[in-house]
Amino acid sequence: MSTRFLILFIGLGVLRAPAAEAPQARLDEKHRAFFKDYCVGCHNAEKQKGKLRLDDISFGIGTIENAERWQKILNALNSGEMPPEDETQPEKARKTEFLDDLAGTLVIARKVLGDAGGQIAMRRLNRREYKNTIRDLLGVEIDVRDLPADGGTGSFDTVGASLFMSGDQIEQYLTLGRRALDEHFARAAMSEETFKARTEAEVLGNQRMNNNLKRLKDGHEQYARWMAAVEEAAKLPENSKLAAELRESTKIPSMNPYDGRRVGLLFNNKWEVLKGAPAPQSFGLGDAETARVQELEHIYQLQYFTDYMKLPARDTGAWLGFYFAYRETYVAADAKWPPGRYTLRMRVAANEAAPRERRFIEIGQRTPDPKDVTTFSVFGAHQVTATLERPQLIELQVNVGTDSFREFALREKRPNSRTAEMGLFHDHFAQTGTGPDPAVWVDWFEIEGPHDAPRAVTSFVPRTQDRDGVREVIGRFATRAFRGKAPDAEFIDRLVPLAEARREAGDSLEDALKEPLSVVLASPGFLYLNEPASEKGPRRLDGPELASRLSYFLWSAPPDDELLVLAQRGELHQPAVLTAQVDRMIADARADEFVSGFAHQWLGLDRLDFFQFDFRLHRAFDDSAKAAAREEVYQTLATLLRENLPLHRLIKSDFVVINGLLADYYGLDDVSGDAFRKVALPAGSPRGGLLGMAAILAMGGNGKHTSPVERGAWVLRKLLHDPPPPAPPNVPQLARLDAKPLTARERILAHQEEPQCASCHRKIDPIGFGLENFDAAGKWRTEDHFEKGAVRKTWPIDAAAAFHNGPAFKDYFELRDIIAVRANTFARSFTEALIEYALGRPFGFTDEDLATAIIDRARQQDLSIRQFIHALVSSEAFHMK
Amino acid sequence: MKSSPLTRRHFLKTAGTVVALPALESIGFRRFASAAPLMARPKRAVFLGFGWGVTEESWYPDAKVTGADYKLPPGLAPLARHQRDFTLVQGLTNKFANEAHWGSTFWLTGANRFAEPGQSFHNTISADQVAAEALGKDTRFTSIQLGSPDAVGNGHGPGLSLAWDRRGKPMAALDNPVLAYHRLFSDETMPLEQRQAVLAQKRSVLDAVRADAKRVQRGLNKTDTDKLDEYFQGVRDIETRLSKDEQWLNVPKPKVPLAEPKPGLAGRDEIALMYDLIVAALQTDATRVITYRQPVGSLLSSLDLKIAAHDMSHYTTGDRLEASQKRDVAQSTLFAGLLDKLKAVKEPDGTSLFDHTALAYGSNIRTSHYLDNCPTILAGGGASVRLGQHLVLPRNTPLCDAWLTMLHGLDIPAERHGDSTGVVKELQA
């Protein structure tokens with residue numbers, strides 16, 4: 001920031017007076033000389049080349065027009081268009097400095113010009129909040145994936161200015177609201193009765209494996225008889241020459257498991273050329289191609305299936321395999337059972353001889369299409385620690401909707417694609433001649449429920465069956481749906497006839513009511529967090545408004561009864577009450593919504609889903625591991641929040657919050673099971689803090705290789721509060737280096753040859769180099785390699801580098817220490833994000849004082865995360881509209 | 001279905017396809033149901049956007065060889081049979097575009113993201129919506145926006161489709177072919193009176209939510225009033241749609257020679273199917289304006305290319321360049337197939353659907369992070385564009401000049417569009 005000027009005229013009472021003089025971004029005067037040397041010569045008052053005059057341009061960028069002019073200058077320099085080739089070129093270092101400052105100043109200018117002046121725009125509920133609000137109101141979980149995704153312009157999904165509304169969406173709210181009401185009433189009418197279905201795994205398991213084996217053997221026998229007959233024909237004198245040629249041409253070059261076409265299937269596709277050879281069909285086979293595939297299956301799977309039959313405990317359960325073996329067990333909720341929360345329960349054991357990282361089961365769902373054997377949505381993995389002697393029970397809760405798919409699947413945890421599954425099988429086959437030994441055994445798999453909704457459901461049943469009853473229940477529902485604000489009589493007047501029309505059409509009272517109630521759920525009073533404001537200036541929020549702002553901040557959900565009662569009594573504003581409520585809310589499980597919603601967006605975790613991880617290079621980083629890695633970020637933040645620990649534990653910490661799966665992944669001993677918990681780290685561990693988390697490291701790559709650039713930029717953006725400007729358009733592409741055996745570092749250093757690249761990359765890249773000891777899936781490594789055809793080069797990782805104009809570090813640990821010392825810049829980054837998320841507007845220059853005040857207060861308690869929240873909630877800004 | 005005068009339809013047998021037209025006496029067809037001159041066939045417009053640009057070395061023809069006799073580079077080779085029927089334009093740019101990963105957000109609008117003080121995002125109406133205001137009056141659907149569930153990380157940038165409405169707000173897309181198929185072609189099974197009752201009920205619903213919106217509106221400041229105005233506008237949009245539904249109540253949706261699509265298609269098959277739906281929608285005159293924001297990442301997966309779309313866009317020699325080029329060829333092949341189909345559908349006057357459709361095919365991103373010389377192909381006879389040429393315009397000619405030219409060709413006398421400076425004379429036949 002030292003060379004960029006930002007003049008802030010912010011008075012002390014800024015929170016009350018958002019109309020304080022606008023700050024202005026200004027390019028440092030020291031660049032005047034550069035400008036004069038390379039631009040003004042052609043673009044001046046007399047000589048306006050390209051009709052452009054630059055001698056009079058202001059270095060203060062205070063208007064949109066001026067920002068556009070500077071943007072053009074930046075673009076022309078970046079694209080190499082200016083200065084023209086035949087003119088004197090600036091030396092690289094000077095150009096780099098100029099580009100660096102200009103790009104940075106423009107970012108500030110855009111921020112200042114786009115500053116909403118502290119105004120909080122009214123906003124609708126985002127997808128998460130809508131889902132949670134329906135859940136708290138009606139006690140049902142609905143699938144909101146049909147609603148358009150929120151945000152997208154780089155802000156949080158709580159920022160009103162980027163949450164839009166359209167006719168399509170209003171119709172979707174009507175449909176979704178109706179679906180939720182259907183389910184609500186179905187559950188309200190539900191008897192106490194619970195239902196249960198159990199799958200005994202051995203029934204289908206043995207059946208499938210017996211069939212498999214019989215099919216293989218029979219097929220092989222048919223194939224052998226056919227081949228013998230073909231061989232007979234080959235012996236005929238008129239065929240001898242042809243047969244010899246065929247034998248030569250189908251000689252097996254290798255046992256390459258990926259190319260079944262060449263695996264010892266003599267004559268197979270050429271049998272017809274041999275005179276007198278019989279057709280495969282006459283031996284009960286299909287055509288030659290089908291017969292060939294069948295024979296290949298025999299080659300690959302006979303041993304695997306035969307071994308399976310020798311496994312223990314097949315009379316009481318089934319082992320789960322790969323490929324075409326018995327690989328998944330299913331259980332389904334009957335279509336007639338009511339919707340609700342159900343328990344999935346399974347009795348399982350692990351094969352002690354299997355590697356630890358394979359002793360996990362995975363729960364998920366296929367699609368309703370029985371032909372689709374590839375799609376599998378993973379819910380999560382569960383560690384199996386028990387053995388056959390004493391199998392264990394695993395339980396989890398799932399939601400069954402009115403029209404959701406009701407079948408659940410259980411399998412061994414594995415990379416989530418059919419290609420990967422087959423690839424892994426073949427890799428194993430190539431080495432051992434059979435598939436991998438099964439790792440998990442299932443006795444049975446059951447589903448039971450429904451159980452009560454997680455929180456009590458208020459029932460919206462009319463007290464009387466007549467018009468008044470209808471009117472009363474609609475009013476009661478709307479007031480609750482509007483979070484304590486009463487609807488207008490006119491609104492209710494228009495809703496009552498909707499129910500009446502349905503009754504006249506023959507609907508039951510309950511069905512008829514769903515019509516007006518679903519309209520309530522598509523009305524602005526429900527969909528918008530509306531806080532009237534006067535043009536005269538900011539005003540204080542009333543009780544219910546404050547309750548909503550608080551609950552949508554910390555729960556992404558509506559206020560509960562306790563908050564609403566305090567709000568109605570006018571007590572919520574009292575500092576002691578407010579503090580106690582914030583503590584209560586943080587302790588509540590609903591605060592997990594804040595943690596995940598905030599952390600996901602703040603840290604940019606969506607990038608984790610941008611690519612598939614290469615299953616050969618990163619076998620263990622499958623969908624379950626990815627989900628656990630993401631959960632580690634949330635659980636760590638939640639632990640710090642609930643245990644009142646300091647923010648800088650997110651940079652360096654002597655403990656991690658992990659489960660058994662991640663402990664295996666990180667190579668930490670003595671942690672097993674699915675629950676996340678605090679685990680102390682051994683001395684010298686690279687884990688502990690965001691930089692050592694698999695999720696963060698995996699985002700800094702492409703699923704195959706690491707990207708020091710992504711990682712470096714992420715650290716600058718999130719930890720060091722020095723975000724690089726957005727990737728500029730039209731910068732000439734680097735010299736093409738891809739096929740050359742360069743180390744990752746050599747490759748990236750090429751970035752710094754050109755000033756257009758160097759201006760940012762000199763800051764970004766060194767940090768990325770410091771993290772090179774982590775591979776693309778976040779595992780620790782000490783060497784890296786390049787491989788292209790026959791060219792292979794291996795080199796030890798060198799994580800030493802130096803910050804641009806800053807300290808040098810010799811390895812990852814020193815890099816982390818340097819970043820940890822800068823806890824204040826991290827606090828700033830966190831605070832700005834928190835303000836934006838909580839207030840629902842982009843962090844602006846009008847918020848600078850607020851951010852400082854929050855950090856100062858948190859600092860009094862060692863930057864405890866909870867204090868940041870208390871400070872923000874008790875700030876003036878949080879109480880104002 | 002029971003045959004009544006209202007539902008009787010006229011079947012035309014052409015080129016081996018059975019085409020059913022809505023009742024000729026129905027609204028919208030009156031115009032050309034009588035002995036209308038050939039010129040009166042309705043004009044249609046289709047915009048196809050493909051996010052992450054192209055491989056510039058192998059997609060653009062040699063800029064020195066312009067006119068009709070230019071050589072198609074490998075990236076466009078699959079389009080060879082149509083070379084006389086499209087024009088490739090070089091030199092077009094959206095001058096305000098600065099976002100290196102946003103290939104679609106401003107592609108059809110030419111807007112300046114930062115034009116609005118106090119806002120960090122701003123957009124304006126897209127060219128397709130300008131066209132829809134004029135061309136969409138007489139069809140069941142004013143316009144149709146198609147998209148893909150695979151949109152994130154595909155180089156499209158913010159937005160829900162290629163389309164932005166009159167107020168610069170994003171318009172939703174039908175993101176999956178099955179949904180699009182049913183919206184366009186599936187008939188309500190409900191009897192007529194019941195459907196009329198449903199329409200009446202829907203109107204009452206809108207009146208009710210509007211009543212609540214008025215309550216919420218009380219005491220809002222200007223910003224919030226603007227925000228809530230999106231809701232009011234949404235209600236008005238539904239009303240407009242209901243009025244159209246009412247006009248079309250008696251007209252069954254057209255039968256199309258397409259089976260209900262299989263769910264779960266992704267990438268190449270998904271695009272091919274969406275193209276089929278586009279042809280069917282135009283052929284049956286369900287709509288005359290369509291945009292399609294195409295998937296890129298799933299296209300790569302479906303070509304068995306294991307590389308993330310963004311990485312591919314930053315191709316260097318090797319795998320990434322190869323993937324980028326395969327992507328070009330796959331996209332060109334699909335596009336060529338679309339042109340084949342449009343040519344194969346004959347109109348009642350003997351011309352083809354292609355002759356009356358204006359197609360624009362491109363992206364705001366050229367390649368990698370380059371936003372100038374946007375890849376642009378114009379095809380079809382709908383906008384009277386001079387086809388069959390390779391046109392190299394002066395550098396940084398506004399892309400919106402091309403959209404304005406298209407709009408004029410579609411008989412829409414817009415004065416300007418986005419940052420346009422005038423029509424491109426060389427494009428006018």
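These legends walk through a few close-up views of a predicted model.

**View 1. Where chain A meets chain B.**
Start with the meeting place of the two chains: 64 residues of chain A are in contact with 57 residues of chain B. On the chain A side, five helices to look for are helix 2 (64-78), helix 3 (92-113), helix 5 (167-188), helix 11 (489-504) and helix 13 (524-527), and each gives at least two residues to the side that touches chain B. Helix 11 of chain A provides the largest share, with 7 residues. Sort that side of chain A by class and you get 33 nonpolar, 19 polar and 12 charged residues.

**View 2. Two helices crossing in chain A.**
Here we look at helix 16 (residues 575-587) and helix 27 (residues 865-873) of chain A, whose axes come within 10 Å and cross at roughly 135 degrees. Angles of 65 to 115 degrees would count as roughly perpendicular and those over 145 as roughly antiparallel, so helix 16 and helix 27 of chain A are oblique to each other. Their crossing is right-handed. Helix 16 of chain A brings A:Leu578, A:Thr579, A:Val582 and A:Ile586 to the contact, while helix 27 of chain A brings A:Arg866, A:Ile869, A:His870 and A:Val873. Taken by class, the residues of this contact are 5 nonpolar, 2 polar and 1 charged.

**View 3. An open sheet in chain A.**
Four strands of chain A line up in the order 7-12-9-10, forming an open sheet with antiparallel pairing. Strand 7 (328-332) and strand 10 (377-383) of chain A stand at the edges with a single partner strand each, so one side of each has no neighbour in the sheet. From one strand to the next, the twist averages 25 degrees.

To pick out one bridge, find A:Glu362, whose partner in strand 10 of chain A is A:Ala381. Helix 18 (residues 623-642) of chain A lies across strand 9 and strand 10, running at about 80 degrees to strand 10 of chain A.

**View 4. Chain B by itself.**
What secondary structure does chain B have? Chain B comes to 11 helices and 9 strands. Its C-alpha trace spans about 65 × 60 × 45 Å along the principal axes. A compact globule of 429 residues would have a radius of gyration near 22 Å, and chain B, at 22 Å, agrees with that.

Terms used. Residues numbered from 1 in each chain as written. Chains lettered and ligands numbered in written order. Predicted model: local features only at pLDDT ≥ 70, side-chain atom pairs only at ≥ 80, totals over all residues. Contact = placed C-beta atoms within 7 Å. Nonpolar A, V, L, I, M, F, W, Y, C, P; charged D, E, K, R; others polar. Axes fitted to C-alpha atoms, helices over the stretch in contact; angles between N-to-C directions. Parallel < 35°, antiparallel > 145°, perpendicular 65-115°, else oblique. Left-handed = near helix turned anticlockwise from the far one by under 90°. Pairing = 2+ DSSP bridges. Rg over C-alpha atoms; globule rule 2.2 N^0.38 Å.
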